[in-house]
Amino acid sequence: MDRVALHGFPGEEQPAQLLAQALGVTANLVRTHRFPDGEIVPRVAGAARTVLVYRSLADPNEKLVELLLACDAWRRAGAERLVLVAPYLCYMRQDAVFAPGEPVSQKVVAELLGRSFDRIVTVDAHLHRTRRLDDLAPDTQWTNLAAAPAIAAHLSRMDMPDDLLILGPDCESAPWVQALAGAVHREAATFAKTRLSDRHVTLALAETTAIKGRPVLLVDDICSSGGTLAAAAAWLAEGGASHIDVVVTHALFSHETQSQLVKVGVRHIHSCDSCIHPTNRISLAPVLAQALSQEITR
Ligand code: R5P
């Protein structure tokens with residue numbers, strides 16, 4: 001039996017293959033059979049002593065069942081260590097009971113995954129009220145990587161004006177906006193955001209931040225409904241920004257949202273490949289491979 005192998009799922013062959021190449025391991029594909037009644041059975045291509053499972057968890061409701069069933073198959077095939085590589089970790093935003101009768105989905109999902117995997121590696125997990133993923137499921141080894149180095153490397157290959165402002169849409173984005181701005185030596189700022197509903201927010205920016213005639217790069221961890229970035233772009237267009245570009249780690253948005261962002265003044269939208277999306281320009285494989293190198297040598 002191989003010591004380490006990577007297994008991925010249909011639809012995510014490209015990022016899984018890039019990661020396997022970066023680690024120098026073979027990539028295998030899980031095949032899932034769907035029965036006429038809608039139940040599924042994933043079939044794994046054997047196992048290794050350590051199985052690295054590449055499964056990003058955008059659109060998670062069906063993926064979670066498939067993933068947990070596949071874990072049972074890998075264990076039965078002899079895997080001693082299962083490492084989930086989920087560049088996008090789902091359900092992290094429901095980190096509190098926001099209205100009576102709701103669950104804390106973040107904890108439920110972290111505990112569920114933690115029961116099947118020895119280690120879980122993710123990128124820019126949406127942690128606001130919870131400081132560390134270890135607080136959610138302490139018996140699992142968690143690694144929450146920053147996309148900022150991959151984004152900074154991408155930006156440094158592009159034309160970046162000296163007066164570029166790197167702007168986050170809310171105060172929670174300050175850590176990654178500052179990390180990115182520090183890496184590319186540009187000014188950073190953040191809006192203050194108030195969420196009104198799933199799709200609507202209001203934003204305010206300190207008057208001391210100059211916008212008129214200035215290129216701005218909006219940076220966020222997630223773009224979902226696009227309401228946040230659309231409000232930010234409209235605000236900047238109104239304020240006379242010369243160019244508005246967007247970089248997001250996790251692109252969860254629809255084609256219609258993309259058109260809407262362009263309509264309110266966004267020029268380019270680039271995303272990391274954590275969620276398969278037409279705006280993917282930034283591979284997370286180097287960042288993931290560095291964190292996983294210890295799995296190859298252990
Ligand atoms: C919120 O705290 C996040 O950082 C994002 O700003 C948010 O999830 C974006 O969501 P939407 O695209 O639906 O406004």
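Let's start with strand β13, which gives the shell around the ligand its largest share, four residues. Strands here are DSSP runs of E with at least two residues, helices are runs of H or I with at least four, and both are numbered from the N terminus. This is a predicted model, where local features need pLDDT of at least 70, side-chain atom pairs count only at pLDDT 80 or more, and totals for chains, interfaces and linings use all residues. Residues are numbered from 1 along each chain as its sequence is written, and side-chain values use heavy atoms, with hydrogens and water left out.

Now, who else joins in? At least two shell residues each come from β11 (192-195), β13 (215-223) and α6 (227-238). There are 16 residues around the ligand, and Asp220, Asp221, Ser224, Ser225 and Thr228 come nearest; being near means having a heavy atom within 4 Å.

On to polar contacts, meaning pairs of N or O atoms within 3.5 Å. A polar side-chain atom of Asp221 sits 2.6 Å from a ligand oxygen. The side chain of Thr228 has an N or O atom 2.6 Å from an oxygen of the ligand, and for Ser225 that distance is 2.7 Å. Of the 380 Å² of accessible area that the ligand has on its own, the protein covers 93%, by the Shrake-Rupley method with a 1.4 Å probe.

And what is the shell made of? Two residues are nonpolar, seven polar and seven charged, with Asp, Glu, Lys and Arg counted as charged, Ala, Val, Leu, Ile, Met, Phe, Trp, Tyr, Cys and Pro as nonpolar, and the others, Gly among them, as polar. Thanks, everyone!

How values were computed
A polar contact is a pair of N or O atoms within 3.5 Å; within protein, one must be able to donate a hydrogen and the other to accept it, and residues adjacent in sequence count only if both atoms are side-chain atoms.
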